[in-house]
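Subject: Structure for you to look at

Hello,

Here is the structure I said I would pass on. Please open it first, then read the notes below it.

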Amino acid sequence: MPIGYWESEHLLAPADFTVIGGGIVGMSAALHFKAAHPKARVRLVERDVLGEGGTTRNAGFACFGGAGEWLDDLEALGAERWLALIQMRAEGLRALIELLGTSALGLEWCGGWELLAARGAEDQKVQRVLDALPELNRLAQPVLSSVLRDVHPASADTPALSLAPQRAHEFGAHAAVHLCWEGMLHTGKMVSAFHKALGAANIQCLNGCTVDALTAREDHAGWTLDTQRGPLISQKVAICTNGFARAILPGLEVKPAPNRVLVVTPKTMPPAGAYHIEDGYLYFRTLPGGQILFGGGRQYGIDLPHYPALDAEATALWDQKLTADAEQWLGPIDAITHRWTGWLGVGPDREPIIGSTAPGLHHAVRMGGMGVAIGCGMGKALADAIIAHNA
Ligand SMILES: Cc1cc2nc3c(=O)[nH]c(=O)nc-3n(C[C@H](O)[C@H](O)[C@H](O)COP(=O)(O)OP(=O)(O)OC[C@H]3O[C@@H](n4cnc5c(N)ncnc54)[C@H](O)[C@@H]3O)c2cc1C
């Protein structure tokens, strides 16, 4: 659609900084940039009405990972990179609290539980996890307590991971691990608080606007963003489209991965809290209205096409498997009231990628399954790097 006079001269006039992607990372990057440059014209462009990635569709775990996942990452990445990842999650959550506030997030430090499957002591992974608890604690505890101690009620010497035999008994699990630093937030409230902050900061949000391509301007005056609404010009651009980033920057090592979620009403409610199963590939949590959000299932290996395409058969198969897993852990289910798919951005490991590919062209993507924890910190780190280098 050609751009009109009022649009090109005022409404869609060139911006100083444009963020593509209105998820946690993009909203955080826009807010942190604007806070440092209050006079800058900052624009956020999002292709969906609300967002179609993970930010409005996640489970709301304020989490750092469970013991099984930590052990896998420690073995794959080595202690230094693994601890850096834990630190990123803790600092990201802290940045989120500092930006929006605990009560605006509906954040409760309720603790989490990892349920280790009742497959018997011969399950080697379960035994390895149990054996590794002291070492995982020794390494992760100082990081979590030093970053979170003044925003979290736990005392600095409370172990990050401790055995919870009573919880294991309640779920018929082989073992359960209490994750003392974990919490739960209200995803809807978090996104509302972001929107309120964007409005208060006078950041222009263009929703329902897809960026199809980017081209460097010949006069080195920034970038042109091709959209169905016409070209948008910006001096600096940040790509925060997570799993979808390769559509604009094909060289990035990130891909979209679906995650399914059900909201179920079990016959008997479990104790309140956030639960991880199968190294975090399955998870469930209690909801304020007295139901359970049960999700995950990437390990099923089912391919779902991207929104807005649908594959009803694959989706039904996924839901069937998820329902069976929900019944295994929660007992009989009376009703399933909500079902949805959200998209993660994943790569060969759980580390996010942040950087620049050309002057004025920046990215922060690949938040994996813990972008609620790391996302705000990644947006802040991206804005800080752009500001520091005036890049
Ligand atoms: C089902 C599910 C449950 C989860 N649960 C948790 C949890 O409990 N705790 C946790 O820490 N993390 C969780 N996550 C992960 C977390 O939600 C994500 O890592 C995080 O939201 C990623 O934020 P983001 O800003 O990087 O990306 P996204 O939220 O994916 O945002 C990217 C945005 O870019 C937009 N976009 C894409 N392409 C374009 C384009 N070309 N032009 C304009 N806009 C575009 C998309 O519409 C999207 O809104 C979950 C994710 C899912 C899917």
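A term is needed before the notes start: the helices and strands named here are DSSP runs, numbered from the N terminus, where a helix has at least four residues and a strand at least two. Please also keep in mind that this is a predicted model.

The ligand

With that naming, helix H10 gives the largest share of the shell around the ligand, namely four residues. In total 43 residues surround the ligand, and the closest are Gly23, Gly53, Gly54, Gly342 and Gly371. Sorted by class, the shell has 19 nonpolar, 19 polar and five charged residues.

The two domains

The protein is split into domain 1 (5-57 + 189-253 + 349-389) and domain 2 (111-183 + 255-346). Their centres, taken over C-alpha atoms, are 31 Å apart. Where they touch, 14 residues of domain 1 are in contact with eleven residues of domain 2. The domain 1 side of this contact has four nonpolar, six polar and four charged residues.

Helices H2 and H10

Two packed helices are described by the angle between their axes and the distance between the axes. For helix H2 (residues 24-36) and helix H10 (residues 371-389), the angle is about 40 degrees and the axes are 7 Å apart. Their crossing is right-handed. The residues in this contact include Ile24, Met27 and Phe33 of H2, and Val372, Leu382 and Ile387 of H10. By class, the contact has 13 nonpolar, six polar and two charged residues.

The sheet

Eight strands make an open sheet with mixed pairing, in the order E5-E6-E4-E13-E14-E15-E12-E16. Strand E5 (161-163) and E16 stand at the edges with a single partner strand each, so one side of each has no neighbour in the sheet. From one strand to the next, the twist averages 20 degrees.

Which residue of E6 is the bridge partner of Leu163? That partner is Val177.

Helix H6 (residues 124-148) lies across strand E4 (112-116), E5 and E6, and runs at about 130 degrees to E5. Helix H9 (residues 312-330) lies across E4, E12, strand E13 (274-277), strand E14 (282-286), strand E15 (292-296) and E16, and runs at about 50 degrees to E12.

Regards

Technical notes. Residues are numbered from 1 along each chain as its sequence is written. This is a predicted model: local features need pLDDT of at least 70, side-chain atom pairs count only at pLDDT 80 or more; totals for chains, interfaces and linings use all residues. Domain bounds come from an automatic or database domain assignment. Two residues are in contact if their C-beta atoms, placed from the backbone, lie within 7 Å. Ala, Val, Leu, Ile, Met, Phe, Trp, Tyr, Cys and Pro count as nonpolar, Asp, Glu, Lys and Arg as charged, and the others, Gly among them, as polar. Axes are lines fitted to C-alpha atoms, for helices over the stretch in contact, and angles run from 0 to 180 degrees between N-to-C directions. A crossing is left-handed if the near helix is turned anticlockwise from the far one by less than a right angle, and right-handed if clockwise. A residue is near a molecule or strand if its C-beta atom, placed from the backbone, lies within 6 Å of it. Two strands pair if DSSP finds at least two bridges between them.
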